[in-house]
Amino acid sequence: MKLTQFPRSILPILSRGNRGYYAWLLFLLLIMVWGAGGYAKQLNHGLVTTNMRDSVSWAFYIGNFTFLVGIAAAAVMLVIPAYIYNWKPIKEIVIFGELLAICAVVMSIGFIVVDIGNPLRFWHMLPGIGTMNFPSSMLSWDFFVLLTYLCINLVVVIHLLHRIFIKKDYNKKLVLTLVFVSIPMAVAIHTVTAFLYNAIPARPFWNSALLAPRFLASAFCSGPAILLILFQLLRKFTRFEIKDEAIWTIAELMVYAMFIYLFFSVAELFKEFYSGTEHLLYWQYLLFGIGDNKELVPYSWASIIMGCIAFVLFLVPKTRKNFTTLNIGAVLIYASVYVEKGIALIIPGFTPDVLGQIYVYTPSMIEIRTAALIFSVGFLVFTFLVKIAIAIIFEDYRVEEPMPEQQQTLEKA
Amino acid sequence: MKEDKSRRSFLKNMALAAGSAIALSGCDMKALDHFLQKNFRTLSKAEVDEIITSLQLEYKNKYGKDFTVSAKPATDGILFGYALDLSRCIGCRKCVYACVEENNQSRGPQIHWIQVLQMEKEKGIDFADSDVHYNPEKVPEEGHFYLPVQCQQCRNPQCTTVCPVKATWQEPDGIVVVDYNWCIGCRYCMAACPYGARHFNWAEPSVPEDEMNTNVHYLGNRPRMKGVVEKCTFCIQRVREGRYPACVEVCPVGARKFGNLLDPESEIRYILENKRVLVLKQELNTQPKFYYFFGV
C-alpha cells in the first residue's frame, strides 16, 4: 500500500502549472505526434526510409545515442565536485544530476531501439531469455551497463524524493554507496560506448586508444553545460540555493575538461596528419572533404569554432564570471559536442567505406522526425521529473488527505 | 478502502490488456511462432524439422512453388576455401548476377553479395582509388585490373565476435552464416566487417516469383525478411551437396577456384602451394579463407 501511495500522491503535481507550463507540454505533444508519424513510416517500410545504406550503415541515430550516453555520464560525475568542495545543496545536485542522467539513458536506449531492424526482437538481447553474446560483444556490454546505471539512478532518486516527501532522513549508507557506485558506472557507460567503436579494426577512424578518453572529456564539457543553465533557472524560480562560486567552479572544471578534450584531439590530429598514412582519408573527408564531397565540412568546422569560442569564454575569468557570456559559452559547447558526436563521429567512420567508395549521407526527414520524437519524449519525462522534484524539495508539497495510520504513529514516536 | 478499489480496477485493466494482447496475437499464430522462435543453434533436431516443414508450407502459399529447405550440417573433414585468379578476371560481373539469382537476393532494393572493384594497375590494390560503378562498353579496360570482393570467410571473423545476440557464427566447415530469424538488425557486424561483405535488408526484399530459386538452405539462400543482415555463404545449399558455388560455375574465364582446404589433393591446395597468393587487409588479422592469386 505504501508503494502505490507515493506515486499516487505525487501525480497531481503534474497537472498543476501556469500557462507557460501547459504551452510547453502542448509544444512537446505536437512534436511527439509529428515525430511518431515519421517513426510509424519507418516501422512500416523498414529502415529504407532513412538515408543509411550498406556503405554508411550507422549514422544519425547512433550519433545521438553516443551523445546522450555522454550527457548521462557527465551529469552524475558532477556529484564529485559537489562532495569535494562541500557545496551546500549536495542532495539537490545529486538529485538533478541523476534525473538528467535517467532521461539521457532513456533517450539513448530509445535511439538504439529505433536504429535496429527488428525492434520486436529486442528480447533476444535480454539476459536469461535471449542469448546475449557476453562478454565478447561490446554492444551487449553497453546495453547491460546502461540498464544497470539506469536502475541505480532510479533507486537513488526515488529513495531521496520519497524520504523528503514523508519528511524523514534518507538512508545515508544506501544513498552514499549507490552514488559512489554510480560515479564509476558513469565512467563505464561512456567508456564501453567508446569501446563499441574503438575495438573494430575495420574502421581506422575509430580505431584509436584515445577515443574513450576523448569521449569522457567531451562529455564532461556538454553534460555540466546543461546543469549549469538548469541550476541558474532553479535558483531564480525556486528556493534552490547555490552560490555563484559553485557555478563558477563548475565552469572552471569544464575548462579543464575542454582543455583535455582539445589536447587529445590535437594529439589525434598530429598523429594522423604527420604520419600521413591512408588512415588520413577519413579525417580528410571530415575536415576538408574528398574531391567534390564536402558534405561534412561545414559541420565539422562549425563544431570546432563553437568549441573554441566556448573554451575562450570559459577560460577568461571575466567572461566566466559574467552570466551572459557564461551561458552563451554553455550553449556553444553543448552545440559543439552535439554536432561532433551526432555527425562528425559516426559518418566519417563509414566514409569512405571499407572498399573505398564514397556514399554521401545526410539524415532523411524520417530520421529527423524520429529523433525529434525521442527528444520530445525525453524532455517530457525530464519536465515531469524536475517538476515533481521541485515540488517535493522546494515547495514542501504534501498531500491533503491524512497519512496512513501506521506512518502517523511512527512519526509521533 | 479507496486504495483497494483502485488497485482492483488496475488489476482488472491489466487482465483486460493481457487478454486482448493474446487475442490479437491469436489472429496470427504463425507470426507469434516466428516471434518466439529460439536461436537456431539452441533448437533440437525435432524442432528444426518442424520449422522446416512449416517454412516449406509458408513458401508454397506465398510463392506458389514447392521449396526444398535444407538444414544439412557441415561434413567432418571439410574446410572450404576459395581462390580467385587476379590475372584472369576480366571484370564482366557474370558472377555478381549468377550469385543474385542463385541466392534469391533482393532485386529492389538491389543487394549484391559480390562487388567487383575496378583498379588501376599502376596503383596496385588501392581501395581509395577503386571504382565499383565502372561502366565501359567492353571489359577489361586498358590499364586496369579487377578485384571481386565477397565474404572472405575469415578464420578470425570480427563480424561474429561483435554480434550482440549470437545471430551469426562460423560453421565447422568454415562458412560464416546468419540466423535470419534471430538477427535483430543492429548492423554492428556490418561496421566490423573490413570487406563490406555484409548486406542489410533496408526494405522488404523483392524477388520475382518466377526467378525464385526453390532449392534453399535454412542458413543460406532462403527468402529473407526486411531488417536482417545477409551475406555470401559460399552457396551453402550447393557446396554441402558437393557442388560448386554459382559464381565458380558461371565464371567465363575460369578465374574462380573452390575446394576443400583439408584435402591435400584438391586444386585449392595446389594453388596455395604453387602460386603467388595474397589475402585482403592482411594487417587486420582476419585470416581470410578467400585467396587471391596470380595464375599466369
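**Close-up views of a predicted two-chain model**

Figure 1. With a relative accessible area of 7%, Ser303(A) is buried, because buried means under 20%. The model shown here and in the other views is predicted. Ser303(A) sits in helix 11 of chain A. Leaving out residues up to four places away in sequence, Ser303(A) touches Ser336(A), Val339(A) and Glu340(A). Ser336(A), Val339(A) and Glu340(A) are themselves among the buried residues of helix 13 of chain A. Residues three or four places apart in an α-helix point the same way, because such a helix has 3.6 residues a turn.

**Figure 2. Helix 13 of chain A and the helices around it.** Helix 13 covers residues 323-342 of chain A.

Figure 3. Is Phe259(A) buried or partly exposed? Its relative accessibility is 47%, so Phe259(A) counts as partly exposed. Cys308(A) lies 49 residues from Phe259(A) along the chain, and their C-alpha atoms are separated by 9.9 Å.

**Figure 4. Helix 5 of chain A, within the chain as a whole.** Helix 5 runs over residues 90-115 and has 26 residues. From its first C-alpha to its last, helix 5 reaches 37 Å, close to the 38 Å expected at 1.5 Å a residue. Of its 26 residues, 23 are buried, so helix 5 is largely enclosed by the rest of the structure. Chain A has 16 helices and zero strands, and 57% of its 413 residues are buried. A compact globule of 413 residues would have a radius of gyration near 22 Å, and chain A has 22 Å, so the two agree. Chain A exposes about 17900 Å², with carbon and sulfur atoms supplying 70% of this area.

**Figure 5. Two loops of chain A.** The loop between helix 6 (138-165) and helix 7 (172-198) of chain A holds Lys167(A). Lys167(A) has a phi near 55°, a positive value in a residue other than glycine. Its relative accessible area is 63%, so Lys167(A) is exposed. The peptide bond from Thr351(A) to Pro352(A) is cis, with omega near -5°. Most residues other than glycine have a negative phi, and most peptide bonds are trans.

Figure 6. Chain B has nine helices and 12 strands, and 51% of its 296 residues count as buried. Arg240(B) is in the loop between helix 7 (236-239) and helix 8 (246-250) of chain B. Because its relative accessibility is 6%, Arg240(B) counts as buried. Which residues does Arg240(B) contact, apart from its neighbours within four places in sequence? They are Lys72(B), Pro73(B), Ala74(B), Glu171(B), Asp173(B) and His217(B). Gly91(B) is 149 residues from Arg240(B) along the chain, and their C-alpha atoms are separated by 28 Å.

**Figure 7. Two loops of chain B.** Asn104(B) lies in the loop between helix 4 (94-102) and strand 3 of chain B. Its phi is near 50°, a positive value in a residue other than glycine. Is Asn104(B) buried or exposed? At 2% relative accessibility, Asn104(B) counts as buried. Pro140(B) is in the loop between strand 3 (115-120) and strand 4 (144-149) of chain B. The peptide bond from Val139(B) to Pro140(B) is cis, with omega near -10°.

Definitions and conventions:
Residues are numbered from 1 along each chain as its sequence is written. Chains are lettered from A and ligands numbered from 1 in the order in which they are written. This is a predicted model: local features need pLDDT of at least 70, side-chain atom pairs count only at pLDDT 80 or more; totals for chains, interfaces and linings use all residues. Side-chain values use heavy atoms; hydrogens and water are left out. Helices (H or I, at least four residues) and strands (E, at least two) are DSSP runs, numbered from the N terminus. The radius of gyration is taken over C-alpha atoms; the globule rule is 2.2 Å times the number of residues to the power 0.38. Buried means under 20% relative accessible area, exposed over 50%, partly exposed in between (1.4 Å probe, protein chains only). Accessible areas come from the Shrake-Rupley method with a 1.4 Å probe; for residues, only the protein chains shown count as cover. The expected span of a helix is 1.5 Å times one less than its number of residues. Contact means heavy atoms within 4.5 Å.
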